[in-house]
2 protein chains.
Amino acid sequence: MIKHALNVTREADFAQWYQTVIAEADLAEESGVRGCMVIRPWGYGIWERIQRLLDDRIKATGHENCYFPLFIPLSYFEKEADHVEGFAKEMAVVTHHRLKTDANGKLVVDPDAKLEEPLVVRPTSETVIGAAMSRWVQSWRDLPVLINQWANVVRWEMRTRMFLRTSEFLWQEGHTAHATVEEAREETMKMLEVYRDFAETCLAMPVVAGEKPENERFPGAVSTYSIEAMMQDGKALQAGTSHFLGTTFSQAQDIKFQNSAGQQELAQTTSWGVSTRMIGGVIMVHGDDDGLRVPPIVAPWQIVIVPMLRDQPEDAAIVDYCRSLQQELAKLSAFGEPVRALLDLKAAKAATKRWGWVKKGAPIVIEVGGRDVAGGNVSVIQRDRLYREDGKLDSQVMPRGDLVLEAAAMLESVQQTLYLEARERMESNIRRDVTDFAGLVEVFDEGNRYPGWVEVNWARPTGAELDAVVERLKVLKLTVRNVPSDAAPAEGACLFTGKPAVERILVARAY
Amino acid sequence: MIKHALNVTREADFAQWYQTVIAEADLAEESGVRGCMVIRPWGYGIWERIQRLLDDRIKATGHENCYFPLFIPLSYFEKEADHVEGFAKEMAVVTHHRLKTDANGKLVVDPDAKLEEPLVVRPTSETVIGAAMSRWVQSWRDLPVLINQWANVVRWEMRTRMFLRTSEFLWQEGHTAHATVEEAREETMKMLEVYRDFAETCLAMPVVAGEKPENERFPGAVSTYSIEAMMQDGKALQAGTSHFLGTTFSQAQDIKFQNSAGQQELAQTTSWGVSTRMIGGVIMVHGDDDGLRVPPIVAPWQIVIVPMLRDQPEDAAIVDYCRSLQQELAKLSAFGEPVRALLDLKAAKAATKRWGWVKKGAPIVIEVGGRDVAGGNVSVIQRDRLYREDGKLDSQVMPRGDLVLEAAAMLESVQQTLYLEARERMESNIRRDVTDFAGLVEVFDEGNRYPGWVEVNWARPTGAELDAVVERLKVLKLTVRNVPSDAAPAEGACLFTGKPAVERILVARAY
């Protein structure tokens, strides 16, 4: 039996396993500030990779980055009733601008420094960006406006979980304004596709892209689309959203333009975002009982070289050998970029370092001892196949030259393996044969630990009828996720209302 | 006489000119939120270039990026008295976590949602990062800790000026912990040198690096060093700082380690940062009466191609010609990176676009009309030599092939010219011959508009003696900037105290 690196397995306690991976892989930690985490170098390094790769795609589709204020005056929210209804319950509010030392020498908020108008720490920036767009847009010639920002946002969450739901989180938010509905809808779908492709290509995380039902729409949106990924416990994680906002915000913020016929029109806007939540997805899709497995494309270090030093004179030769190997590897290219290879010279035992990198999920770990140097070899651990069939660690001795020749292909193979494993898992865990509510209850029975998702017929109920569906699902801890863009056409009756189905929808437990 | 692109010159009104460049170059604008600006794509693009280039240098010197919470509990500030004294007067404080609609239907702060402990929006992160370091550091083996974060910070400024002093600004803040004073001091100086080199190499902005006098130290620091740049009005801009903090924060936050002899010691810490203020420096060092001139290394677009279209059938051929030129230029390399070339196809008149890019300060603007296409030529404007001697725009027709051959060298020449101009201006405006206060008064006389800087003898006064010097200088609107690391040794008496001088110090008006 394999003795795994973590002290809890996914099988034994998935939630505890998730927290353990975050701790053992040095991804993040509780900060001591309510609901806020410290993102540590390995976790932030993954975020930097996500930023760089996604930013390239956002720019390649014609968007430019800007930066808007952290603070939004309270009155901005009053202009858009639905929007504030959706966010008002969970926002951090700045009311004062000074501290002072009181008569007892205690540091307190200075009551004389009350702001005339409270400032809300942005939960999202539609209102403040809409106000800017109203200044920028006068004529159809000023459209489209295609912008994005990378920023921190705050939503006052009562129950937080690192990466998945934190009071402060990091994200990108794209905001665009267009002259026509068609163009704005095209933009909404284009960015949904950017997210789908990014998640699958870079994060090796298969997703289902589709439209959210009415009750799951972004506050103020006409249509909301999402990508949904399946975690290893069968739950869904909404990993990115794209919204067609119609004229909701252009009306509230007065984004008007003169069309080519000389008439005033309201602009059609969109917004779309992904966040540090994606890292939670990477953990729950690719992690195993030995820690994280980072897809090589987003791994801060793709190959880590651990010299096995023993405080002996031969150590110097080992370090030299490793250093020249690191330089050789750094000249290689994988996925169209230079390979990121690290020589780990930290003061710690080689075995501790090896397992540290395994838990962090570095795709390839190379160990070099005196015997390897003498034989011109290296010992290679590939993170996607950690153990041999006999349960022993699969550390392969190979000629150093072979490793250099094969390293890029090995990285590509790890990326591919992670993707295919996750794809296979998702596809085999979506049931499409459930036709009545009793069947749904059966799938999500308590005894069935990882029930996965169910795709069912859907008549697109609205209003009270939809509310009733949502209530029935709530009892089973279920939610309607999205209507997959590539689902087969619906035939027959809606599982919930019995009315003729118009589409197929995914039902699942979710984060 | 040249008719310049801006409606105000540096000579006529430097402050107004500065605001005009920011507006006309589309760098930033007032946001409607007190003291906060919107950084527009061209301004943010410069910041992204600064981020990428400086981040590379920060990582190359062994630092890793992390992310710490935006909010700092009030109690964290109580632990470090000097520090809070320096910042307490100007911080945004979150006191509530919810809005609600009141009886009159008005959106208000929910009085029932008061936080138990107020949260300060970080003005800088020594306290919260110190708390994390105290968790991370136990043994000498855990040292050094070398981290950095890119973040927004808030200081409640009463009088704001875009890029130079805004309530919210963007920056990087490095924080390190070390086992010895020597090592921490070495780190402090290393990062000061990174900043100096970055400012001069990338921003083409010559600076004087040196130690700040006691009264200008960061709250809680043992020593503060800065780089100071000279603006075109002769004022100094502090463009970056590096602090040796000794044990001030390790004591307050309990960053202790067991040394190799088994004893408990406090860690020695440092911090260092540069901000979006640097963009203000770029404007005031390189701008001219036609707008901004961006040093090519940090220009979002280095070469902009403007097709001169006239709604004629031949337009298509012009666009094709421009597109293939753009592709050719993008394959070139300058400063070790691919050349950033843009084809500007926006719906506007060619002349409007040309002057738009001149005002933005794109290093090279290429215009292509039908005649250029026919002759296989391009018309080239190089931003550092905009006018011919006769005052006409210096647009040079050259064979397209020649441009491609010369483009990289032209960019390098613009970078060099901007640096040399600024270096020459700075050096010729530092006076070193003033030996008494009357001489100082004379230099900074009202009639002398751009008096530059004066380097004088300094006996390093402290306490009340230093206070008196600061007061005397205040009358002249002067401050002591720093003790240049490369100043000649001091000989003779301190200009202020008459005591034997120990070093030379810069005196200047400053932003």
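Where in chain B does B:D254 lie? I found B:D254 in the loop between helix 7 (248-253) and strand 14 (256-258) of chain B; helices (H or I, at least four residues) and strands (E, at least two) are DSSP runs, numbered from the N terminus.

A note on ground rules: this is a predicted model, where local features need pLDDT of at least 70, side-chain atom pairs count only at pLDDT 80 or more, and totals for chains, interfaces and linings use all residues. Residues are numbered from 1 along each chain as its sequence is written, chains are lettered from A and ligands numbered from 1 in the order in which they are written, and side-chain values use heavy atoms, with hydrogens and water left out.

Back to B:D254: its phi is near 65°, a positive value in a residue other than glycine. Most residues other than glycine have a negative phi. B:D254 counts as partly exposed because its relative accessibility is 43% (buried means under 20% relative accessible area, exposed over 50%, partly exposed in between, with a 1.4 Å probe and protein chains only).

I then checked B:A204, whose phi is also positive, near 55°. B:A204 sits in the loop between helix 6 (181-201) and strand 11 (207-211) of chain B, and at 0% relative accessibility it counts as buried.

Next came omega. The peptide bond from B:L143 to B:P144 is cis, with omega near -5°, and B:P144 is in the loop between helix 5 (126-136) and strand 9 (145-154) of chain B.

Last, I looked at chain A, which has 14 helices and 28 strands.
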